[in-house]
Amino acid sequence: SMRTEYKRDMNHNYLIVCGENEINTDSYQVRMLAGNVIPSLLKCRIQGMDGRFLIYFDITSKQAVNVLYEEKKMGVEDLRLIFGGFVKAMEDAAEYLINPGQFIMSPEYIYTDIEKRQIYFCMMPGYEKDIKEQFQLLTEYILPKIDHQDQDAVILGYGVYKRAMEDSFHLEHIKEELYRKQNNKEEIKTETEKDSREISVQETG
């Protein structure tokens, strides 16, 4: 597990993650992180120290997922927030040519802005994990947190979990689960509407 600490100054709260090795500040991945251009990542600054590096992630007015759902169960909106945030992060990684294995998928490193209803991730250069395994661990954390009174949450949560466990794990599969559930509610499930729904999903997706 990574070495972390928390720090606050006058107006800000920081999660500080300590990198074990020296960081190549010229590398593309580090420049992208330090440039704070990737929307789904927490804003941060990087500091070198004794051949090591510290990343100060700005967590002001945000809450870690593990804290937020310590007591609280996850309804369908919570799941959409988290899974939707994951999808967005993976799309950002692809767009900015970042290795997604550097995103830390543990619930204590995933932050929620409740006001904006948005999820932010930490990225750790040099932290190379298999993104599929990381996502599986995240879904395993989520399953017992699902509110079983919320039928949509159960369907979505287990649907995504099943997809995450498939050998052919693919982001499109996760998106399918997300969007299918979103549309079920709003439309009467007649066959004709179902056909038009599939077309509209392709257009927006």
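**Close-up 1. Gly48 and Phe53 face each other in a pair of strands.** Gly48 stands opposite Phe53 of strand S4. Strand S3 (residues 44-49) and strand S4 (residues 52-58) run antiparallel and are joined by 6 bridges. Two strands count as paired if DSSP finds at least two bridges between them. Strands (E, at least two residues) and helices (H or I, at least four residues) are DSSP runs, numbered from the N terminus. The S3 and S4 hairpin has 2 residues between the strands, and in this hairpin Asp50 adopts a positive phi near 50°.

This is a predicted model, in which local features need pLDDT of at least 70 and side-chain atom pairs count only at pLDDT 80 or more, while totals for chains, interfaces and linings use all residues. Residues are numbered from 1 along each chain as its sequence is written, and side-chain values use heavy atoms, with hydrogens and water left out.

Close-up 2. Look for Arg52 in strand S4. Its relative accessibility is 33%, so Arg52 counts as partly exposed; buried means under 20% relative accessible area, exposed over 50%, and partly exposed in between (1.4 Å probe, protein chains only). Not counting residues up to four places away in sequence, Arg52 touches Arg3, Cys18, Gly19, Glu20, Asn21 and Gln47. Contact here means heavy atoms within 4.5 Å. Glu20 is 32 residues from Arg52 along the chain, and their C-alpha atoms are separated by 5.9 Å.

**Close-up 3. Helix H4 and its buried residues.** Helix H4 (residues 131-142) has 12 residues and should span 16 Å at 1.5 Å a residue, which agrees with the 16 Å between its end C-alpha atoms. The expected span is 1.5 Å times one less than the number of residues. H4 is mostly covered, with 9 of its 12 residues buried. Among them are Ile131, Phe135, Leu138 and Tyr141.

**Close-up 4. Lys132, a buried residue of H4.** Lys132 belongs to helix H4. Lys132 is buried yet has no salt bridge, and Asp167, the nearest side chain of opposite charge, is 4.1 Å away. A salt bridge needs a side-chain nitrogen of Lys or Arg within 4 Å of a carboxyl oxygen of Asp or Glu. Lys and Arg count as positive, Asp and Glu as negative, and His and the chain ends are not counted. Leaving out residues up to four places away in sequence, Lys132 touches Ala164, Glu166, Asp167 and Phe169.

**Close-up 5. His173 in helix H6.** His173 is found in helix H6 (residues 171-186). With 17% relative accessibility, His173 counts as buried. Beyond its neighbours within four places in sequence, His173 is in contact with Arg163, Glu166 and Ser168.
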